[in-house]
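Please keep the sequence and the coordinates at hand while reading.

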2 protein chains.
Amino acid sequence: MSSIPVVKHHANPIIRVSDVRPSAPELKVDCVFNPAATAYRDQVVLLVRVAESPRDNDPLRPSVVYLVGDELVVEALDRPELEARGWDFSDSRSVRAPGPKGYLVAKYLTSISHLRLARSTDGVHFEVDDEPFIAPTGEYESWGCEDPRITLVGDRYMINYSSVSPRGICTTLVSTTDFESVERHGVMFAPENRNVGIFSEKVHGMYYAVNRPAPQMFGEPAIWLAESPNLVHWGNQRFLMGTSDSGWESGRVGAAFPPIRTAEGWLFVYHAADPDNRYCLGAMLLDSDRPWLIKAKLAEPILEPTEPYETDGFFSNVVFSCGAVVTGDTLHIYYGVADTEIALADLSVGVLVAALLAESR
Amino acid sequence: MSSIPVVKHHANPIIRVSDVRPSAPELKVDCVFNPAATAYRDQVVLLVRVAESPRDNDPLRPSVVYLVGDELVVEALDRPELEARGWDFSDSRSVRAPGPKGYLVAKYLTSISHLRLARSTDGVHFEVDDEPFIAPTGEYESWGCEDPRITLVGDRYMINYSSVSPRGICTTLVSTTDFESVERHGVMFAPENRNVGIFSEKVHGMYYAVNRPAPQMFGEPAIWLAESPNLVHWGNQRFLMGTSDSGWESGRVGAAFPPIRTAEGWLFVYHAADPDNRYCLGAMLLDSDRPWLIKAKLAEPILEPTEPYETDGFFSNVVFSCGAVVTGDTLHIYYGVADTEIALADLSVGVLVAALLAESR
């Protein structure tokens, strides 16, 4: 653990499953987590991921949930019969079947996520909307919408999130100016790519976005940096950072929230998991003018799962952030805990950047 | 097989390994294949893929080849010792080792490819340059450059190809106006994405490109369509076509050469493999105004490996095209055969489009 003082809020988790109403009578809310965050007017707005599963669920006939068109389907599977045909029910998140190519492929997910707004005037006490702000729609989202990020660019809030379907996991781009209506900009990155963080302003004429493609044949999922003249069309991808050979960031890495501009460079917080799927947050500083250059990086995580609400849950030992808000010198990190609920941790931007600059010396 | 008459040239293969000089004294040419093709001045220009491997190769100490920076390295491996540590030498194309995540990952390739120009005045007899036109360079190409495509857009030839490295397989974009100097435009699509075909003109204000992302977690490699205002930055990706459940296109699909504009729509020829890796070419017609719509598709391949030069080679039973040239009504398809040499097949655009229109009725 790094020496950066981090204050986890005493009221954590600040948003709980019990604060969220199901979006449909046949569903129950399993998890509310991984929120995007932004300041909007005099409020903090979170765009939270709500994962729901069928309310009635018989272990012998477990229910799965998906969309056909925009129609929600809840289907009970005959587990003994399907297991006899080689289907695999061992993962709590998906049901897999032997595919035509010989290996197990996901056939169904056990829950489906949508994105919902939560608003607060103090950044701690949130009112969660009863209706989805972004509900899954169309062929790329039949298994749901997950893990959004928000970046304010000019007067427009750019929102990206993971669209999940049998086609793969891709990144969809939408935007809003009022958190009421949404303009859609299509699939930003084809499968498999997620954990996208758009920079808040151009650098020498180009916008930038960190993204995390996951290749099939060679290579590991890694963080890349794309550029764009217009926020919709992206190119000139550059490798930024992969997993380490061992330790806390040897399993997975990907953006947390969008990089934050500071006088010393772009503060980029990312998530990292070890091979046991213990997720932490790390921090690096990208060069102000050439954001594809890592100016400094902390060797140790800045946030780790230590509290019971972080170490026990639907998917234990996870702190996973998609959103943060800066007020003065304080970075307010909103983060999913154990893939179950939402917590808040504060730290000093000045102290964090100073620690990064000390590393770069 | 479809009923489209196809004439495979009697002189096939029209470019052979013996026509190509090695690019370095320590290498031998194994294969010359998968050419991009275009008309340039009064010539047909092919950009051929040349795969080379170390000239001296002891089966007990097989040599691998890669770049460090722009420096070619040939390294002999101690096969018995590495096999005792779990390394796998069974694939003729790569050497794999147990990775930190538990499964075998490619550590080395046994050959490295670069791209070389070949020119012809009659489209049949080609003179192959002695020097690479595009040699691998930089961190994304330490394992080579493969499978180029050329599209003439205005007066500029846009060239894309697969960059291969331990980072994954991504698509690099360059361009030329004279086939002498090359302008680089960076990585067009992050890993894993290849088999990219750029359309030759805008459709209602946007350029388009077919591409073939290959996701890690969910989904199969599939053909998608991206749009661009400027040929360099791409977005609004749409799923176009995946593999079938069975038959000749159930293993792999991807673009052959860039789509060709006809009065009836964009003629799009693609490659498809079955689970035994037998590669054929198929054809579809994309809507003129909305190229993300498949207007018609032939149920059977238009080109299959039948001749000895197609059925036997480094990787047998493969016809794989990255380039074609149209003269009058004739589509001249240049294609790699058995991943070894280059052949030519001609067919009538009018007959092919008529067959496609018959399917769409």
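## A buried serine

B:Ser162 is buried, its relative accessible area being 3% (buried means under 20% relative accessible area, exposed over 50%, and partly exposed in between, with a 1.4 Å probe and protein chains only). The residue belongs to strand 11 of chain B, which spans residues 156-165; helices (H or I, at least four residues) and strands (E, at least two) are DSSP runs numbered from the N terminus. When neighbours within four places in sequence are set aside, B:Ser162 has contacts (heavy atoms within 4.5 Å) with B:Gly144, B:Cys145, B:Glu146, B:Asp147, B:Ile169, B:Cys170 and B:Arg194.

## Basis of the values

This is a predicted model, in which local features need pLDDT of at least 70 and side-chain atom pairs count only at pLDDT 80 or more, while totals for chains, interfaces and linings use all residues. Residues are numbered from 1 along each chain as its sequence is written, chains are lettered from A and ligands numbered from 1 in the order in which they are written, and side-chain values use heavy atoms, with hydrogens and water left out.

## Relation of the two chains

Chain A is superposed on chain B by a rotation of 180° with 0.0 Å of shift along the axis, at an RMSD of 0.0 Å (least squares on the C-alpha atoms of residues with pLDDT of at least 70 in both copies). That is the relation of a two-fold axis. Since 100% of the interface residues of chain A are also interface residues in chain B, the copies meet through the same surface.

## Architecture of chain A

Chain A contains three helices and 25 strands, and 61% of its 361 residues count as buried. Its C-alpha atoms fill a box of roughly 60 × 45 × 40 Å along the principal axes. Among the contacts in chain A with a separation of 6 or more, 50% come from residues 24 or more positions apart.

## Backbone features

Most residues other than glycine have a negative phi, and most peptide bonds are trans. In chain A, the peptide bond from A:Asn12 to A:Pro13 is cis, with omega near -10°, and A:Pro13 lies in the loop between strand 1 (6-8) and strand 2 (27-40). In chain B, a cis peptide bond likewise joins B:Asn12 and B:Pro13, with omega about -10°.

A:Asn277 has a positive phi near 65° and lies in the loop between strand 20 (265-273) and strand 21 (279-286) of chain A, where it counts as partly exposed at 31% relative accessibility. B:Asn34, with a positive phi of about 45°, is found in strand 2 of chain B and is buried, with a relative accessible area of 2%.
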